[in-house]
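Dear colleague,

I am passing on a structure for your attention. Please find it below, followed by an account of what was found in it.

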Amino acid sequence: MSEGRSPATVGLWVIGALTLVAVGVVLGAAWTSPAVPAALRPPAPITTFEVRSATFDDVRSVRLAVARGEESGLASPGSGLVTRFDCRPGSTIESGTAPLWLDDAPVVALATTLPLWRDLPVGTEGNDVRALQEELTRLGHPVEATGTLGTKTLRAVNALFDDLGDPSALTSVPRSRLLWIPGPSVTVAECSVTTGSQLEAGAELVVTPGTLAGVALRDGAPSDLVAGARTLRVDGIDVAVEPQNPITDPALLAQLDAAPSLQQAGTGDEAPVGQLRLAEPVDVSVVPPSAVITAPDGTTCVTTDAVPHRLRVVGSELGQTFVLFDGTPPTAVDTSPRPDSACA
C-alpha cells in the first residue's frame, strides 16, 4: 500500500501553481497592452525660442498737473425770457449748438476767432464777417471766407438755425442770436441763470474755468523711457510733448482745452490721466520671459548655445518680453539658460 503525500508537499505544489498563474497573467497583460498613442505622450521640452520682431510704442499712463487762468463768464447776447437753458456744472457748451433759448428762439453758440460785436446785414465787410465764415465752414456749412457777408453766407446761417429747430428765414445775421464762446467747446463751472429768468443783454449766463495755461507730468518723466519723440494723448487728443517740460504752446493748449478730463482737473488721486507714447513706434525683439538673465551688476542678456547677448528690457505683455539688443539680434535664444550664466 503506497504512502500518501504529506500536507507540506501538497502546500508547496499549490504555491508553485499559483505563482505560475500570476506570472502568466502579468506577461499576458504586458503582451496585450497597447503602446501609448503619440498624441498622449508628454511633449519634448522646448529648449530654444525663435526671436520675433514687433513694433513698440512704449505707452505709459501718466498723471497730469493742469494750470489754468482765472475763471471767466459768458454773457447773454440779447434780452428776453429764458424759455430753455441746457446748463449744469461739468457739462460742455459746443460751438454750433443752441444751449439757450430766449423768448422761444434759439441762441446759437459760436466759437469765432473774433467776437461778433454788431448785426451783419448782407454786404457787411470786416474781420468779424470773416471769422463767422470760417466757423460756419468748420461746422459743416462751407462758405468762402471773403470777409464780405453775401447771400451764400446768409443761407449757411439759416441752415445752421434750421438744423437746430428754427426754420425762420433770417435776412441778416443778428448779434443777439449768437452767443460767443472762446473755443470749440467750453466747460461750465457754474450756471448763473435758470429757465424762467428774465435776461438783459450782457448778463452773465455761465461761469467757465480759466483758460488752460499749462499741462505737465505731475510725477515727472519716467526714467526708463525708450528714446524718441513723444506725444501725449488725453481723451483721444494727441499733442507733441517733451516729457521733461510743461506744455505751454498756445496752439497745443488750445487743442488740449477740449479734453473733458482737463476741464475738470482735480488733485491727488483725482488728477487727470494721459498716455505718453512714442510718436513713431520702434522695432523691438520678442523673447520669452524665462530666457532673460539679470546679472548681479544689473545687466541683462539672453544666451544662444550659452553665448550671451546683452539687451535692454523695454516692456512685456501676455508672456512676451520686448527687448532692444545692444547689437544684431540673434535668430534664437535658450529658453532655460543656466542659472550661473553671465552676461559678460
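One of the features is an open sheet of 3 strands, in the order 4-15-13 and with antiparallel pairing. Its edges are formed by strand 4 (72-75) and strand 13 (190-191), each of which pairs on one side only. Please bear in mind throughout that this is a predicted model. Between strand 4 and strand 15 (residues 204-208) the pairing is antiparallel and runs over 4 bridges. Within this pairing, Gly73 has Val207 of strand 15 as its bridge partner.

The next region is helix 2 and what follows it. Buried residues in helix 2 are Asp128, Val129, Ala131, Leu132, Gln133, Glu135 and Leu136.

Just after helix 2, Gly140 has a positive phi of about 95°. His141 lies in the loop between helix 2 (127-138) and helix 3 (151-163). His141 counts as buried because its relative accessibility is 14%, and the cut-off for buried is under 20%. Leaving aside residues up to four places away in sequence, His141 touches Leu136, Ala156, Ala159, Leu160 and Asp163.

Two aspartates in loops also deserve mention. Asp103 is located in the loop between strand 7 (100-102) and strand 8 (105-110), and its phi is near 50°, a positive value in a residue other than glycine. Asp305 sits in the loop between strand 22 (300-304) and strand 23 (307-317). The phi of Asp305 is likewise positive, near 50°, in a residue other than glycine. Asp305 is exposed because its relative accessible area is 65%, where exposed means over 50%.

Finally, Pro246 belongs to the loop between strand 18 (237-241) and helix 4 (250-256). Pro246 and Val66 are 180 residues apart in sequence, yet their C-alpha atoms are 9.5 Å apart in space. When residues up to four places away in sequence are not counted, Pro246 touches Val215 and Ala216.

With kind regards

Conventions: Residues numbered from 1 in each chain as written. Predicted model: local features only at pLDDT ≥ 70, side-chain atom pairs only at ≥ 80, totals over all residues. Heavy atoms only, no water. Buried < 20%, exposed > 50% of the residue type's maximum accessible area, 1.4 Å probe, protein only. Contact = heavy atoms within 4.5 Å. Pairing = 2+ DSSP bridges.
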